[in-house]
Amino acid sequence: MTGMMDDGLDALRERGEAFLVELSREYYEAHSGLKAEALLQPIFRKHEGAYGDEAFHEVRDRFASSPPGSDAHRSARMLLDWLVESRCGRELAPLEEREIAWEATAIIRGNDGAEEPYQRSAITIANTRDKKERQALDDARAALVQAELGPMKLERLQREHDVVRGLGIAADYISTWESLSGFAIRPLRDECQAFLRGTQAMWDDVLPGFLKRGLKLSPREATRADAAALMRAPEFDAAFSAGGMEVGVRRQITEMGASPDAYGRVIFDTGDRPGKRARAFCSPVRIPDEVYLVLRPHGGQNDWTTLMHELGHALHFANMDRALPFEYRWLGDNSITEAYAMLFDHRLQDPGWLGRYSGLSKAEMPAYRRAAAFEELHFLRRYCAKLVYEVELHGETTSWSALPDLYVETLTGATGFRYQPADAFVDVDARFYAARYLRAWQLQALLNESLQEQFNADWWRNPGAGPWIEAKLFAHGQRELATEQAKRVAGRDLSFEPLVRAIEATLG
């Protein structure tokens, strides 16, 4: 070990934060439609000292020599994980710039001559009620992806594997990720396979009825495009108006004893804009002082759920203790921030919350909650299948050419909706992010139970709950692993069991 002194570590943190501030702003502006392209390469060149060879070797030595379980080892693991990601980002920046520019300008052209911006196609597919029109648009989208975006994504994945292998952290991509993330991925994959087996009968029981009532389809006809339309659930739109959404959400956070925009540190970007991504996101540009919540409206309860999800992220970033070191504010186990996002978005399944802030009537409530539980089960099964598939994708034992068929088989088998092979390299969250979502699902269930024990079932309007969440959860940044926070806050291990119990109770 060359011996990084404290002042050297502090300098690394300072350079790292300056780099991420500039990079995060560039991503925010490009993905929100404020600019047509992302200029990533100049930022990587400008800040090369933040992630260059000297910093990499110093932190790698620190990680290897610090005692496991110590704060020094935790800090070094997070920093090394980020340095690996940054070095991959530098190599992949030209490819990512090309992808972002393509997504911002690509046009889907149907056989009838109609044109649809690629960035808006997911919204249009979800809102199209005619089966033939919906499928025609998705088929045209898939053909375009197969010809243009898919090869870009494949090239990026292959290049990322090459870069990670060349860094010499561990023998292969998965081993490197496990070493730097702090947990093993295959045991979670095994849990996902058990969850899929354990909930198969329940899924087979409820899927036909929801398809018939919502879209007048049978399971043998259903595709992923139909799934988007089914989960859109427009029959509840009147209870979730666009005008009432932000008003209701802000009211709830205020009643919880917190500021809905963290006293101006959270900026809401919730309007429509050409070039804005259909998938909402939270962009922390300066933590905790400048955090953007970005949403492109789809309509109805989906927007309310999405707003609550992204607000959970935003309030987390905006309420972190500013005295925390760089790695505990910017880096760490993203299962933590995803758990907070899910803790908030799951209020859209809470009958008390719905009765107080939405326009749902008592008569509508059972059908809506059952639909929400159905959607929850679908997404859990989808993400479990994604992780199973991505372990194969990153395991480097299945050929790249065989992966599209495996993707279709795995995702279609888990959800009952037929998937497109064109999406095999597009429907992949970077660096096993599906695992972060799955652990977050498990953690949010425990956090909700803990909040109910301390502040009653309606903790979301208890003025003591907001300050507690800010102090006991948000302020800690992401210093902990999800497993560690589950033990600290709830005294329990992560599992799918609380989620299955809640879904079964609602579906009946």
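Predicted model: local features only at pLDDT ≥ 70, side-chain atom pairs only at ≥ 80, totals over all residues.
Which residues line the largest cavity?

Residues are numbered from 1 along each chain as its sequence is written, and side-chain values use heavy atoms, with hydrogens and water left out.

**View 1. The largest cavity and its lining.** V84, C88, E160, V164, Y173, T176, W177, L180 and R431 form the lining. The elements giving two or more residues to it are α5 (71–105), α7 (131–167) and α8 (173–181), and α8 gives the most, with four residues. Helices here are DSSP runs of H or I with at least four residues, strands are E runs of at least two, and both are numbered from the N terminus. A cavity is a set of points on a 1 Å grid over the protein atoms alone where a 1.4 Å probe fits but cannot get out, and lining residues have an atom within 4 Å of a point. The volume is about 60 Å³, taken as the space filled by probe spheres set on the points, which are joined across faces, edges and corners. By class, the lining has six nonpolar, one polar and two charged residues (Ala, Val, Leu, Ile, Met, Phe, Trp, Tyr, Cys and Pro count as nonpolar, Asp, Glu, Lys and Arg as charged, and the others, Gly among them, as polar). The structure has four cavities of 30 Å³ or more.

**View 2. E396 paired with R165.** The closest N and O atoms of this salt bridge are 2.3 Å apart; the term means a side-chain nitrogen of Lys or Arg within 4 Å of a carboxyl oxygen of Asp or Glu. E396 sits in the loop between α17 (365–395) and α18 (403–415), R165 belongs to helix α7, and the two are 231 residues apart. E396 is partly exposed at 33% relative accessibility, and R165 is partly exposed at 38%. For these labels, buried means under 20% relative accessible area, exposed over 50%, and partly exposed in between, using a 1.4 Å probe and protein chains only. A search of the whole structure finds 51 salt bridges.

**View 3. R296 with D272, and R286 with E290.** R296 and D272 meet at 2.6 Å, N to O. R296 lies in the loop between β5 and α13 (301–318) and D272 in the loop between β3 (266–269) and β4, so the pair ties together parts 24 residues apart in sequence. R296 is buried, at 7% relative accessibility. In the other pair, R286 and E290 have their closest N and O atoms 2.9 Å apart. Here R286 is partly exposed at 37%, whereas E290 is buried at 10%.

**View 4. D289 in its loop.** D289 is placed between β4 (281–286) and β5 (290–294) and is partly exposed at 30%. Leaving out residues up to four places away in sequence, D289 touches R265 and R322, where contact means heavy atoms within 4.5 Å. The side chains of D289 and R322 make a polar contact at 2.8 Å (a pair of N or O atoms within 3.5 Å; within protein, one must be able to donate a hydrogen and the other to accept it, and residues adjacent in sequence count only if both atoms are side-chain atoms). Their C-alpha atoms are 9.0 Å apart.

**View 5. T337 in helix α15.** T337 is buried, with a relative accessible area of 3%. Beyond its neighbours within four places in sequence, T337 is in contact with H313, H316, F317 and Q478.

Conventions: 1 Å grid on protein atoms, 1.4 Å probe; cavity = no way out; pocket = protein on both sides within 12 Å on 5 of 7 lines; lining within 4 Å.
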